[in-house]
Amino acid sequence: MPERIIVPFGPQHPVLPEPIHLDLVLEDETVVEAVPSIGYIHRGLERLIEKREYTEYVYVAERICGICSFMHALCYSQGIEEIMKIEVPDRAHYLRTIWSECSRLHSHLLWLGLFADSMGFENLFMRSWQLRESVLDVLEDTTGGRVIQGTCKVGGVRRDIGAEKLAEMHRALDPFEAQCRDLGDVFLNDETVKYRLQGLGVISKDEAYALGAAGPTARGSGVAMDHRETGYAAYGDLGFKPVVETAGDCYARCAVRVKEVYASIDLIRRAISEMPEGSLDVKVKGAPDGEYFSRVEQPRGEVVHYLRGNGTKHLARARIRTPTLANIPPLVKMLPGAQLADVPVVVLSIDPCISCTER
Amino acid sequence: MGIFQMTKTVLRNLAGGPATRQYPAVPARTGPLTRGHVVFDPATCRSCSLCSKRCPCEAIRLDKEAKVWEIDRMRCIACGDCVESCPFGSLAMEPEYFSPVVEHVVERYTITYVKPEKPAKKPADESAGA
Amino acid sequence: MTVNEEQTTIGVALEDLTREVKALQTDGYRLVQIGCTDTGGAYEVNYSFDRGYQYRNLRLTVGPETEVPSISDIYWGAFVYENEMHDLFGIPVNGINIDFKGTFIKTAEKYPFSVTRRGGDQCRNA
């Protein structure tokens with residue numbers, strides 16, 4: 001039996017944008033066990049809710065993560081609206097959907113770039129981020145922020161997108177989709193990419209479900225679970241079918257995200273053409289009293305905001321379960337059997353967002 | 001064969017110019033809505049202190065007695081909540097990002113708003129109001 | 001907004017916890033999260049499960065020093081939440097499959113969210 005050695009991976013590693021630490025137990029070059037540890041950047045944002053008024057906390061919720069920021073604000077606002085029984089106008093729902101999908105687009109394109117980088121395909125990395133830049137430009141023009149949008153609030157949205165800008169966005173979608181399809185074609189059909197990814201970090205459907213995997217990690221293994229199906233915001237009107245792959249390896253998880261990019265473009269296109277007229281927000285009065293588990297599908301999976309009000313301006317508790325925390329157990333199960341050189345690719349395939357994990 | 005998927009993009013990139021810009025020689029792209037930094041007009045502020053109450057990161061401090069309005073640029077997250085809440089239009093959001101600093105300085109303004117003289121009321125009105 | 005999901009919350013006693021969780025697992029529920037809330041002197045622990053967007057909560061109320069049995073032998077992935085529960089709130093959890101013994105989330109202060117720790121926070125606007 002070969003000698004076992006422990007190789008620490010992270011918290012500082014060229015492939016990791018954020019600090020997570022893994023102790024890898026190796027036999028020769030093969031991983032036999034992985035032990036994760038987090039907590040390098042824990043900020044205690046959940047507890048800040050006791051010091052901030054519930055309408056102000058949207059800005060804090062938004063800054064939990066720089067990539068899924070709009071969806072954190074959306075999830076939080078929806079939770080408060082549910083507790084206080086606020087009916088949000090239709091136009092606000094549609095605008096929220098458009099911004100959510102723009103966030104998903106830029107998050108997935110960012111991830112595709114990082115993933116290409118982790119497997120050593122620099123050119124593809126730059127191309128992904130070049131496309132992402134055009135999404136960020138749209139976000140900046142419509143909301144005023146590239147990654148922190150700041151447009152979602154309890155009771156609606158803070159900004160409108162004018163008819164002219166909407167038409168411009170609609171026109172830009174076709175050439176953008178053509179470029180994304182060229183990019184996706186490389187990820188899905190290039191032999192070298194396939195050779196690197198197929199059969200790597202496999203997790204079966206039953207295992208993924210039992211371990212509580214979320215988002216593309218679950219859908220890459222064939223679990224058809226996407227919270228947009230429940231029809232929050234305007235997804236109920238627009239109709240939505242989750243993207244599912246069955247192989248359960250890194251290639252399948254990558255394919256899910258590539259196809260979700262196409263699905264997001266389609267959703268934005270339909271949301272723009274079906275955009276209703278009307279007001280943007282309703283006035284919010286009083287204070288939340290009650291509790292609710294608000295759930296939204298983020299680029300990385302399902303996020304849960306547990307909010308509990310006690311009838312004052314300050315909530316008693318916010319507990320935020322982010323998708324990366326749920327995806328750590330599947331990651332620990334994926335790693336055994338992989339080569340040490342493949343560990344960065346497997347770790348990135350769950351799209352770890354450590355800022356989210358360490359609220 | 002699936003090994004030349006990238007060729008088309010590579011050739012197009014060779015023909016096209018660079019996708020990046022020579023920042024800071026060429027300024028960053030901003031839009032009219034870009035949240036850059038907050039500017040304050042001391043001539044119109046009526047010290048209602050809504051901005052400092054609404055600020056989620058406690059960057060704004062207002063001293064009503066001393067007529068001082070302060071902003072800590074290092075705390076400010078440029079969310080724009082103060083700008084929206086200001087009932088007198090004393091705050092505005094400029095699209096340019098605030099330039100980098102090497103020292104932690106709290107910007108301080110003295111409020112110069114002078115309450116306009118009210119037309120003299122009749123004594124009867126005053127007693128009714130009180 | 002018409003959200004097509006149901007949420008139910010049922011209380012559960014400490015000694016019934018593992019049995020109830022086992023029953024839910026047999027029914028095909030997946031573990032969504034375990035979260036703590038401090039209710040002034042005691043903790044409410046929410047074990048959330050989901051099956052086809054039907055959301056079920058088991059709510060356990062325990063005192064600050066009560067030992068809670070681990071459910072990680074039923075749901076293997078529960079260790080992240082149980083370690084978090086221990087590291088942030090100081091609730092002792094008995095028999096976690098991967099027990100980090102307080103080093104999963106490294107905080108400057110031990111048990112920062114515990115009910116036994118109060119005050120000392122600085123906040124001007126509140």
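Predicted model: local features only at pLDDT ≥ 70, side-chain atom pairs only at ≥ 80, totals over all residues.

**Reading the two chains**

Q: Which secondary structure elements does chain B have?
A: Helices (H or I, at least four residues) and strands (E, at least two) are DSSP runs, numbered from the N terminus. Chain B has four helices and five strands, in the order α-β-α-β-β-α-β-β-α from the N terminus on.

Q: How much of chain B is buried?
A: Buried means under 20% relative accessible area, exposed over 50%, and partly exposed in between (1.4 Å probe, protein chains only). Of the 130 residues in chain B, 32% are buried. Arg61(B), in strand β2 (residues 60–63), is partly exposed because its relative accessible area is 31%. Arg61(B) is 45 residues from Val106(B) along the chain, and their C-alpha atoms are separated by 10.0 Å.

Q: Which residues does UniProt list under "binding site"?
A: UniProt positions are given in the numbering used here, feature names are shortened, and annotations may be inferred rather than shown by experiment. The unreviewed entry lists Cys65(A), Cys68(A) and Cys353(A). They are spread over 289 residues of sequence, yet they cluster in space, with a largest C-alpha distance of 9.3 Å.

Q: Where does Cys65(A) lie, and what does it touch?
A: The loop between α1 (57–62) and α2 (69–84) of chain A holds Cys65(A). Cys65(A) counts as buried because its relative accessibility is 3%. Not counting residues up to four places away in sequence, Cys65(A) touches His72(A), Ile148(A), Cys353(A), Ser355(A) and Cys356(A).

Q: Is Cys353(A) buried or exposed?
A: Cys353(A) has a relative accessible area of 2%, so it is buried. Its place is the loop between α12 (343–349) and α13 (354–357) of chain A. Neighbours within four places in sequence aside, Cys353(A) is in contact with Glu18(A), Cys65(A), Arg300(A) and Thr324(A).

Q: At which residues does UniProt place the feature "domain: NADH-quinone oxidoreductase subunit D"?
A: The unreviewed entry gives residues 120–282 and 287–359 of chain A. Residues 120–282 are 58% helix and 2% strand, with end C-alpha atoms 50 Å apart. Residues 287–359 are 32% helix and 34% strand, and there the end C-alpha atoms are 24 Å apart.

Q: At what angle do α4 of chain A and α1 of chain B pack?
A: Axes are lines fitted to C-alpha atoms, for helices over the stretch in contact, and angles run from 0 to 180 degrees between N-to-C directions. Helix α4 (residues 122–143) of chain A packs against helix α1 (residues 7–15) of chain B at about 70°, with the axes 11 Å apart. Therefore α4(A) is roughly perpendicular to α1(B) (under 35 degrees counts as roughly parallel, over 145 as roughly antiparallel, 65 to 115 as roughly perpendicular and the rest as oblique). From α4(A), Asn123(A), Arg127(A) and Gln130(A) meet Thr9(B), Val10(B), Arg12(B) and Asn13(B) of α1(B).

Q: Which peptide bond is cis, and where is phi positive?
A: Most residues other than glycine have a negative phi, and most peptide bonds are trans. Tyr23(B) and Pro24(B) are joined by a cis peptide bond, with omega about 5°. Pro24(B) sits in the loop between α1 and β1 (37–40) of chain B. Ser47(B), not a glycine, has a positive phi of about 55°, and Ser47(B) counts as buried because its relative accessibility is 13%.

Note on methods. Residues numbered from 1 in each chain as written. Chains lettered and ligands numbered in written order. Heavy atoms only, no water. Contact = heavy atoms within 4.5 Å.
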